[in-house]
Amino acid sequence: MFLRKHFSLDDRILAHLQHGSMIILDLIATIKRERPGTTKQGVYAALRILKKEEVVVLHAGRASLNAAWLTNVHRYFTIAEHYYFQKNVGAGHFANLREGEKIQYTFTSPLVADTFWIHALFILIETTPPGAHFIAYDPHCWFFLAHAESERGFVRFARVHKRLYLVSVGARTPLDRLVAREVDGTHSQYAMLTPAPFPSTRYINIIGDYVIDVSLEKRVADAMDAFYTRTREWTPDVGRALRHLVEERGRTKLVISRNAKKAEQLRRKFLKSFYIPKEINVN
């Protein structure tokens with residue numbers, strides 16, 4: 001769909017929505033000028049199909065591209081570039097890093113960073129060799145509590161690709177313990193380490209030779225620690241407060257590096273807390 005020599009009606013709709021959402025009537029008028037003979041009913045029919053395929057979102061008389069679809073398309077092209085253009089390394093091409101190289105990204109909040117972060121993890125699972133399990137250290141694994149569907153989707157994705165999901169955290173508060181219910185103890189495992197081995201600002205992921213190192217602004221990390229320390233039980237109000245906290249503006253730095261030695265050192269450090277089965281079966 002789209003980027004073909006001759007534009008179909010669907011392609012024209014997507015080409016216009018590429019620049020932002022549009023009032024549907026304006027979209028129809030624009031397409032009719034470009035493509036004489038196109039009917040209003042034809043454009044509406046095409047939009048309904050694109051909506052059913054979850055490519056576009058229709059709301060209050062406007063059409064826009066579905067953000068989830070855009071993320072999937074981006075992931076598709078990044079993986080394709082990895083296999084077809086492996087010499088093309090630059091911003092957005094972290095899967096093609098050579099040994100010793102790294103790329104740094106900066107985001108305005110932890111939640112904005114997490115959207116890109118989990119996208120990068122999907123790509124690295126796709127492009128690293130079998131047996132490159134996902135290993136993580138988080139001061140607190142707030143992803144299951146504030147961004148649950150994305151994190152659960154990644155756990156399922158890792159399992160389908162026969163990778164273990166191994167996460168350790170640096171605290172044992174009630175909210176930290178709550179996350180233990182999200183793992184099955186084999187394909188996904190969870191450990192609480194105290195005292196914490198790293199500062200509360202630092203999050204680390206390892207997949208194969210790749211290391212993702214994320215740093216939160218200290219003010220945000222301190223607020224997260226205080227929130228976890230004072231919260232004794234999970235309620236809808238607690239959930240809303242946590243989501244508000246991770247949406248708080250604060251410089252979040254994410255560095256993806258390819259460094260086999262560093263990855264192996266970190267892997268050995270964290271694997272002590274987990275059981276690694278000889279074979280990973282997917283039921």
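The model is predicted: local features need pLDDT of at least 70, side-chain atom pairs count only at pLDDT 80 or more, and totals for chains, interfaces and linings use all residues. Residues are numbered from 1 along each chain as its sequence is written, and side-chain values use heavy atoms, with hydrogens and water left out. Helices (H or I, at least four residues) and strands (E, at least two) are DSSP runs numbered from the N terminus.

- An open sheet of 3 strands has the order 1-3-2 with antiparallel pairing; two strands pair if DSSP finds at least two bridges between them.
- Strand 1 (22-23) and strand 2 (56-59) are the edge strands, each with a single partner strand, so one side of each has no neighbour in the sheet.
- Strand 2 pairs with strand 3 (residues 62-65) in the antiparallel sense over 4 bridges.
- The bridge partner of His-59 is Arg-62, in strand 3.
- Helix 1 (residues 9-17) lies across strand 1, strand 2 and strand 3, at about 85° to strand 3. Axes are lines fitted to C-alpha atoms, for helices over the stretch in contact (heavy atoms within 4.5 Å), and angles run from 0 to 180 degrees between N-to-C directions.

**Aromatic pairs**

- The structure holds 18 aromatic pairs. Rings of Phe, Tyr and Trp (its six-membered ring) pair if their centres lie within 6.5 Å; planes under 30 degrees apart count as stacked, over 60 as edge-to-face and the rest as tilted.
- One of them, Tyr-137 with Phe-198, is tilted, at 5.7 Å centre to centre and 55° between the planes. Tyr-137 is in strand 5 (residues 134-138) and Phe-198 in the loop between strand 7 and strand 8 (202-207), so the pair ties together parts 61 residues apart in sequence.
- Tyr-137 is buried at 0% relative accessible area, and Phe-198 is buried at 17%. Buried means under 20%, exposed over 50% and partly exposed in between (1.4 Å probe, protein chains only).
- Phe-143 and Tyr-203 form an edge-to-face pair, 6.1 Å centre to centre with 75° between the planes. This pair ties together parts 60 residues apart in sequence, because Phe-143 lies in helix 6 (residues 143-146) and Tyr-203 in strand 8.
- Phe-143 is buried at 3%, as is Tyr-203 at 1%.
- Phe-122, Phe-134, Phe-144, Phe-154, Phe-157 and Tyr-165 form one aromatic cluster.

**Ser-188**

- Ser-188 is in strand 7 (residues 188-192) and is buried, at 4% relative accessibility.
- Leaving aside neighbours within four places in sequence, Ser-188 contacts Val-155, Tyr-165, Glu-182 and Val-183.
- The C-alpha atoms of Ser-188 and Val-155 are separated by 7.2 Å, with the two residues 33 apart along the chain.
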